[in-house]
Amino acid sequence: MRKLIRGAAALATAAAAVIALGGTVEAKPADAWAGCPDGAVCIYPQNQNPAVKPSQIYYSYGAHNLSNQFGNHWVLNNQTGGATANLCTGSNGGGCGNPIAAHTGVYADLGPINSIRLNP
């Protein structure tokens with residue numbers, strides 16, 4: 001019986017040591033740039049300069065139509081892997097301007113812009 005109790009105590013001590021040494025692993029938050037999450041393209045409120053908190057966040061590739069966006073806005077491309085984004089004068093990603101490189105931002109008048117396109 002003593003051997004059984006000693007064995008159980010040794011097992012409990014070893015388990016406690018493993019838990020103490022291993023601890024818990026917490027998820028590391030994504031790298032946000034001016035409040036724009038890693039992997040996203042963000043549009044900030046009109047005349048918010050510097051960019052602090054985005055009003056619109058886009059994650060999926062393709063065109064996204066904009067509405068009621070006038071005046072100057074920061075648009076930050078915080079996508080990964082070299083993905084680009086375009087501001088487009090047409091709906092559904094038509095008439096796009098120069099690409100915005102990953103980890104780059106532009107301060108642009110969104111009055112003539114009707115859509116934003118995220119490219120892989």
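Two strands count as paired if DSSP finds at least two bridges between them. Keep that in mind for the exercises below, which all work on a predicted model.

**Exercise 1. Work out which strands make up the open sheet, in what order, and which residue stands opposite Ile 43.**

Step 1: Start with the general idea. Strands of a sheet pair through backbone hydrogen bonds, either parallel or antiparallel.

Step 2: At the edges sit β2 and β6 (104–109), each with a pairing on one side only. Going from one strand to the next, the twist averages 15°.

Step 3: Zoom in on one pair. β1 and β4 (residues 72–78) run antiparallel and are joined by four bridges; that meets the cut-off of at least two.

Step 4: Find the partner. Across from Ile 43 you'll find Val 75 in β4.

**Exercise 2. Classify the aromatic pair of Trp 74 and Tyr 107, and say what it ties together.**

Step 1: A pair of aromatic rings is described by the distance of the centres and the angle of the planes.

Step 2: The structure has one aromatic pair. The ring centres of Trp 74 and Tyr 107 are 5.1 Å apart and the planes meet at 45°, so this pair is tilted. For the class limits, stacked needs planes under 30 degrees apart and edge-to-face needs over 60.

Step 3: Trp 74 belongs to strand β4 and Tyr 107 to strand β6, so the pair links parts that lie 33 residues apart in sequence.

Step 4: Check accessibility. Trp 74 is partly exposed at 22% relative accessible area, and Tyr 107 is partly exposed too, at 34%.

**Exercise 3. Decide whether Ala 108 is buried or exposed, and list its contacts.**

Step 1: Locate the residue. Ala 108 is part of strand β6.

Step 2: Apply the cut-off. The relative accessibility of Ala 108 is 16%, so this residue counts as buried; the limit is under 20%.

Step 3: Collect contacts. With neighbours within four places in sequence left out, Ala 108 touches Gly 71, Asn 72, His 73 and Leu 87. For Asn 72, 36 residues away along the chain, the C-alpha to C-alpha separation from Ala 108 is 5.1 Å.

**Exercise 4. Describe the two disulfides and their pairing pattern.**

Step 1: A disulfide is a covalent bond between the sulfur atoms of two cysteines.

Step 2: Take Cys 36 and Cys 42. Their sulfur atoms are 2.1 Å apart, and the link is right-handed, with 85° about the S-S bond. Cys 36 is buried at 0%, and Cys 42 is buried at 0% as well.

Step 3: Take Cys 88 and Cys 96. Here the S to S distance is 2.0 Å. The torsion about the S-S bond is about 85°, so this disulfide is right-handed. Cys 88 is buried at 0% relative accessibility, while Cys 96 is partly exposed at 27%.

Step 4: Write the pattern. With the bonded cysteines numbered in sequence order, the pairing reads 1-2, 3-4.

**Exercise 5. Where is Gln 48, and which backbone nitrogen does its side chain reach?**

Step 1: Find the loop. Gln 48 sits between β1 (40–43) and β2 (56–58).

Step 2: Follow the side chain. The Gln 48 side chain reaches the backbone nitrogen of Val 52 at 2.9 Å, inside the 3.5 Å limit for a polar contact.

Step 3: Look further along the sequence. Beyond four places away, Gln 48 touches Lys 53 and Trp 74.

How values were computed
Residues are numbered from 1 along each chain as its sequence is written. This is a predicted model: local features need pLDDT of at least 70, side-chain atom pairs count only at pLDDT 80 or more; totals for chains, interfaces and linings use all residues. Side-chain values use heavy atoms; hydrogens and water are left out. Helices (H or I, at least four residues) and strands (E, at least two) are DSSP runs, numbered from the N terminus. A polar contact is a pair of N or O atoms within 3.5 Å; within protein, one must be able to donate a hydrogen and the other to accept it, and residues adjacent in sequence count only if both atoms are side-chain atoms. Contact means heavy atoms within 4.5 Å. Axes are lines fitted to C-alpha atoms, for helices over the stretch in contact, and angles run from 0 to 180 degrees between N-to-C directions. Rings of Phe, Tyr and Trp (its six-membered ring) pair if their centres lie within 6.5 Å; planes under 30 degrees apart count as stacked, over 60 as edge-to-face and the rest as tilted. Buried means under 20% relative accessible area, exposed over 50%, partly exposed in between (1.4 Å probe, protein chains only). A disulfide is a pair of cysteine sulfur atoms within 2.5 Å.
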